[in-house]
Structures are given as structure tokens and as C-alpha cells.
Amino acid sequence: MADCTELEWAIQVLVNNFDKYSSRCCCRKPRRISKKDFRKMLSCELNHMLTDTGNRRAADKLICDLDENKDGRISFEEYWTLIGGIASPIAHIIRQQEQSVKHTK
Ligand SMILES: [Ca+2]
């Protein structure tokens, strides 16, 4: 995908990140991220956007909140909920910064 747009590239990065930390328990089941690998992903990939990524209890609470079907693992859909949950407050911060730049001009 050499000629992809920035948005397409960003989506590919998000999908590749899921693949990097997820695994299959058998070939018929979809890939999912274990609790251990999810904690690793938080501390390695999201330590600038999320606070407390090294805190095991906070990470376990986040996993529990995201794990909708309560199977103890994070599916792609549950992972996507996390991405949306991070993107929403970041979009708000970006809009606030744009507003303050307009007011200072
Ligand atoms: Ca799950």
C-alpha cells in the first residue's frame, strides 16, 4: 500500500498494532489480546496518551471495562473501543488548542 492516504495509513497502523499484540488460541478463532500482552501494549504504545500505563491495577480495570463479552481477552472490536475512547478526548483537546490560537491572533 505504497500510495495510501494518511487516513488509510493510520488505519493500517492500528490494525498492525492489534496483530502485533494479539494471537489465536486455535486457527478457527479470531485473534485476541491476552491480559499480559494488553498491559505490555499499554506501556509500550500508549504511555504518552494514557496515564498510569505501568500501573497493573489500572490496566486490569481498563481491560475489565473493555472486555464486553468477559472472556478475559481483548477482541479487535473491544480494542477498537479503546482507540475510540482515546481519540475522542484528543479531538476535544485539538479543538480547544485551535480555539485558543484563534483568540490569541
Ligand atoms: Ca473479550
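Colleague: What makes the pair formed by the backbone nitrogen of S75 and the side chain of E78 a polar contact?

Modeller: The backbone nitrogen of S75 sits 2.9 Å from a polar atom of the E78 side chain. A polar contact needs a pair of N or O atoms within 3.5 Å, so the distance qualifies. Keep in mind that this is a predicted model.

Colleague: Where is E78?

Modeller: E78 belongs to helix α4, which covers residues 76-104.

Colleague: Why is E78 called buried?

Modeller: Its relative accessible area is 5%. Buried means under 20%, so E78 is buried.

Colleague: Which residues does E78 touch, leaving aside its neighbours within four places in sequence?

Modeller: They are L66, D67, E68, N69 and R73. The cut-off for contact is heavy atoms within 4.5 Å.

Colleague: On to S22. Why is S22 called buried?

Modeller: S22 has a relative accessible area of 6%. That is under the 20% limit, so S22 counts as buried. It lies in the loop between α1 and α2.

Colleague: What makes S22 and the backbone oxygen of F18 a polar contact?

Modeller: A polar atom of the S22 side chain is 2.8 Å from that oxygen.

Colleague: Is C4 buried, partly exposed or exposed?

Modeller: Partly exposed, at a relative accessible area of 22%. Buried would need under 20%, and exposed over 50%, so C4 falls in between. C4 sits in the segment before α1. Apart from neighbours within four places in sequence, C4 is in contact with W9 and Q12. C4 and E77 are 23 Å apart, C-alpha to C-alpha, and 73 residues apart in sequence.

Colleague: Why does K70 count as exposed?

Modeller: Its relative accessibility is 55%. Exposed means over 50%, so K70 passes. K70 is in the loop between α3 and α4.

Colleague: What is the phi of K70?

Modeller: Near 55 degrees, which is positive, and K70 is not a glycine. Most residues other than glycine have a negative phi.

Colleague: Now the helices. How do you know that α2 and α3 are roughly perpendicular?

Modeller: Their axes cross at roughly 115 degrees and come within 10 Å. The range for roughly perpendicular is 65 to 115 degrees, and the pair is therefore placed in that class. The crossing is right-handed. On the α2 side, K35, F38, R39 and L42 take part. From α3 come R56, A59, D60, L62, I63 and L66.

Colleague: Why is α1 called oblique to α4?

Modeller: The two helices pack at about 125 degrees, with axes 11 Å apart. Roughly perpendicular ends at 115 and roughly antiparallel starts over 145, so α1 is oblique to α4. L14, V15, N17 and F18 of α1 make the contact with F76, Y79, W80 and I83 of α4. This crossing is right-handed.

Colleague: What makes α1 and α2 oblique?

Modeller: The angle is about 135 degrees, and the axes are 10 Å apart. That value lies between the 115 and 145 limits, so the pair is oblique. α1 passes α2 in a right-handed crossing. N17, K20 and Y21 of α1 meet D37, K40, M41, C44 and E45 of α2.

Colleague: Which members of the largest nonpolar core touch the most other members?

Modeller: I33, F38, M41, L46, I74, Y79 and L82, out of 15 residues. At least two residues come from each of α1 (6-21), α2 (35-45), α3 (56-66) and α4. The largest share is four residues, from α4.

Colleague: What does F38 touch, not counting residues up to four places away in sequence?

Modeller: F38 touches I33, L62, I63, L66, I74 and L82. In soluble globular proteins, nonpolar side chains tend to be buried together.

Conventions. Residues are numbered from 1 along each chain as its sequence is written. This is a predicted model: local features need pLDDT of at least 70, side-chain atom pairs count only at pLDDT 80 or more; totals for chains, interfaces and linings use all residues. Side-chain values use heavy atoms; hydrogens and water are left out. Buried means under 20% relative accessible area, exposed over 50%, partly exposed in between (1.4 Å probe, protein chains only). A polar contact is a pair of N or O atoms within 3.5 Å; within protein, one must be able to donate a hydrogen and the other to accept it, and residues adjacent in sequence count only if both atoms are side-chain atoms. A nonpolar core is a set of buried Ala, Val, Leu, Ile, Met, Phe, Trp, Tyr and Cys residues joined through side-chain atoms within 4.5 Å. Axes are lines fitted to C-alpha atoms, for helices over the stretch in contact, and angles run from 0 to 180 degrees between N-to-C directions. Angles under 35 degrees count as roughly parallel, over 145 as roughly antiparallel, 65 to 115 as roughly perpendicular and the rest as oblique. A crossing is left-handed if the near helix is turned anticlockwise from the far one by less than a right angle, and right-handed if clockwise.
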